Amino acid sequence: MLRALPLLRPWRPLGARCTSDGAAGGHEIQVRALAGPDQGITEILMNRPHARNALGNIFVSELLEALAQLREDQQVRVLLFRSGVKGVFCAGADLKEREQMSAAEVGVFSQRLRGLMNDIAAFPAPTIAAMDGFALGGGLELALACDLRVAGRRLSGVQAHALGLVNHTVDQNEEGDAAYHRALALAQEILPQAPIAVRLGKVAIDRGMEVDIASGMAIEGMCYAQNIPTQDRLEGMAAFREKRPPKFVGK
């Protein structure tokens, strides 16, 4: 079966600087907005091959900068993280850099990493990570997360899926990009939905999970109230009445 490929715009770096791998003028994080029918999907490419995309200082700085810029871009409906290093998504902490840090520097850098994770989780649009073998989402129960953490156990994609850590697993293809194509397909499912409602739904879920049921319902009510005056809500009802696909514009 032939597979239609998305129309691509060039990768966009975030400014000239030297990378942690020592390649002058290179960029460890690049951004690309898809075009054509996939317009609204933006990809973040992680490309630090010599360190297997390990979380070094420059890598984290460029990723934080990219997220800050994209957060303000209303054209971003879905954000997709992918790796430019075949067979690797992210190797975790850069232990070679970490070894050269003082105790105080390690503490500061650890705080930056927590901030990075918070920025990804709190990104307004849905985010998808195309990891080698599976597409990331989901979460773990506290007891199981503690068990895996203290044991340092590694999981395969199938095991991660069985535990609910990831939402989808895929068999690898000859090109080594099966997870990316599955993640792109997920992004394409989200793309036609009303962007304001999607963003508000994400807020309701993210914040509602942290509070009791009554507070969660209040958060949901506040989010829905913001959706009521939108053109997209009226368009959705009109499309239902007229038995046609809706055309959401994000207003």
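**Exercise 1.** Which residue just after H9 takes a positive phi?

Solution. Lys243 does, with a phi of about 55 degrees. The model is predicted: local features need pLDDT of at least 70, side-chain atom pairs count only at pLDDT 80 or more, and totals for chains, interfaces and linings use all residues. Residues are numbered from 1 along each chain as its sequence is written, and side-chain values use heavy atoms, with hydrogens and water left out.

**Exercise 2.** Check the span of helix H9.

Solution. Helices (H or I, at least four residues) and strands (E, at least two) are DSSP runs, numbered from the N terminus. H9 holds 12 residues, 231–242. The expected span is 1.5 Å times one less than the number of residues. That gives 16 Å for H9, and its end C-alpha atoms are 16 Å apart, which agrees.

**Exercise 3.** Find the buried and the exposed residues of H9.

Solution. Buried means under 20% relative accessible area, exposed over 50%, partly exposed in between (1.4 Å probe, protein chains only). Asp232, Glu235, Ala238 and Ala239 of H9 are buried. They cover an arc (of the directions from the helix axis to the C-beta atoms) of only 120 degrees, so they lie on the same side of H9. The face turned away from that buried side carries the exposed residues Phe240 and Arg241.

**Exercise 4.** Locate Asp171 and say whether it is buried or exposed.

Solution. Asp171 lies in the loop between strand S6 (166–169) and helix H6 (178–190). Its relative accessible area is 73%, so Asp171 is exposed. Asp171 and Val158 are 13 residues apart in sequence. In space they are 9.9 Å apart, C-alpha to C-alpha.
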